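Colleague: I have not seen this one before. Can you walk me through it?
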Amino acid sequence: MWKGLNVGGNSGSAFPTIIMFALLFGLMYFMFIRPQAKRRKEAESMQKSLGAGDKVITIGGLYGTVVSTDDESVTLEIAPGVTARYARQAVGRVTEQVKAPTEHVVDNPVKEDK
């Protein structure tokens with residue numbers, strides 16, 4: 001009577017399940033992991049490009065002007081004559097970046113005859 005029905009057995013293959021998990025992992029990668037890695041790279045690039053005179057906001061909401069930098073920290077002037085040292089990672093964003101003065105390059109220098 002029950003010969004035609006496979007009640008307790010596993011008659012299907014595991015291939016569709018593996019495909020479903022692979023698609024789910026791929027979706028999660030493109031929705032969560034990849035954008036987060038991109039934001040992290042942009043933040044690291046911004047923090048490495050900090051220089052004296054840049055106006056920044058820390059992740060805690062403190063506004064300041066960069067006075068000096070080293071490999072691990074940034075010194076901010078938070079009020080006239082008041083400085084504080086922060087880790088580079090504490091800088092959340094740059095509100096105004098001072099452009100470094102560029103040297104004047106002459107395209108066609110004049111050669112003097114001797």
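Colleague: Which residues does V56 touch, leaving out those up to four places away in sequence?

Modeller: This is a predicted model. In it, V56 touches L50, L62, Y63, G64, V66, L76, V91, R93, V94 and T95.

Colleague: Which residues make up the largest nonpolar core?

Modeller: That core has 7 residues, and V56 is one of them. In soluble globular proteins, nonpolar side chains tend to be buried together.

Colleague: Where does T58 sit?

Modeller: T58 is in strand β1, which covers residues 55-58.

Colleague: Is T58 buried or exposed?

Modeller: Buried. The relative accessible area of T58 is 7%, and the cut-off for buried is under 20%. Apart from residues up to four places away in sequence, T58 is in contact with L76, A90, V91 and G92.

Colleague: How many bridges join β1 to β2?

Modeller: There are 3, and the two strands run antiparallel. Strand β2 takes in residues 63-69. Across that pairing, I57 stands opposite Y63.

Colleague: Which residue in the hairpin of β1 and β2 takes a positive phi?

Modeller: G61, with a phi near 95°. The hairpin has 4 residues between its strands.

Colleague: And what about β2 and β3, how many bridges there?

Modeller: That pair has 4 bridges, again in the antiparallel sense. Strand β3 spans residues 73-79. A hairpin of 3 residues links β2 to β3, and T69 faces V74 in β3.

Colleague: Changing topic. Where does F25 lie?

Modeller: F25 is in helix α1, residues 15-48.

Colleague: Buried or exposed, that F25?

Modeller: Exposed, because its relative accessible area is 55% and the cut-off for exposed is over 50%. F25 is also part of a nonpolar surface patch of about 1200 Å². Other members of the patch include M20, F21, L24, F30 and I33.

Colleague: Now the chain as a whole. What does its secondary structure come to?

Modeller: It comes to 1 helix and 5 strands. From the N terminus the order is α-β-β-β-β-β.

Colleague: What share of the chain is buried?

Modeller: Buried residues are 15% of the 114 residues. The chain exposes about 10000 Å², of which carbon and sulfur atoms supply 58%.

Colleague: Last one: of the contacts between residues at least 6 apart in sequence, what share join residues at least 24 apart?

Modeller: The share is 40%.

Notes
Residues are numbered from 1 along each chain as its sequence is written. This is a predicted model: local features need pLDDT of at least 70, side-chain atom pairs count only at pLDDT 80 or more; totals for chains, interfaces and linings use all residues. Side-chain values use heavy atoms; hydrogens and water are left out. Buried means under 20% relative accessible area, exposed over 50%, partly exposed in between (1.4 Å probe, protein chains only). Contact means heavy atoms within 4.5 Å. Two strands pair if DSSP finds at least two bridges between them. A nonpolar core is a set of buried Ala, Val, Leu, Ile, Met, Phe, Trp, Tyr and Cys residues joined through side-chain atoms within 4.5 Å. Patches are made of residues with over 30% relative accessible area and no salt bridge: like charges are joined within 9 Å, nonpolar side chains (Val, Leu, Ile, Met, Phe, Trp, Tyr) within 5 Å. Accessible areas come from the Shrake-Rupley method with a 1.4 Å probe; for residues, only the protein chains shown count as cover. A salt bridge is a side-chain nitrogen of Lys or Arg within 4 Å of a carboxyl oxygen of Asp or Glu.
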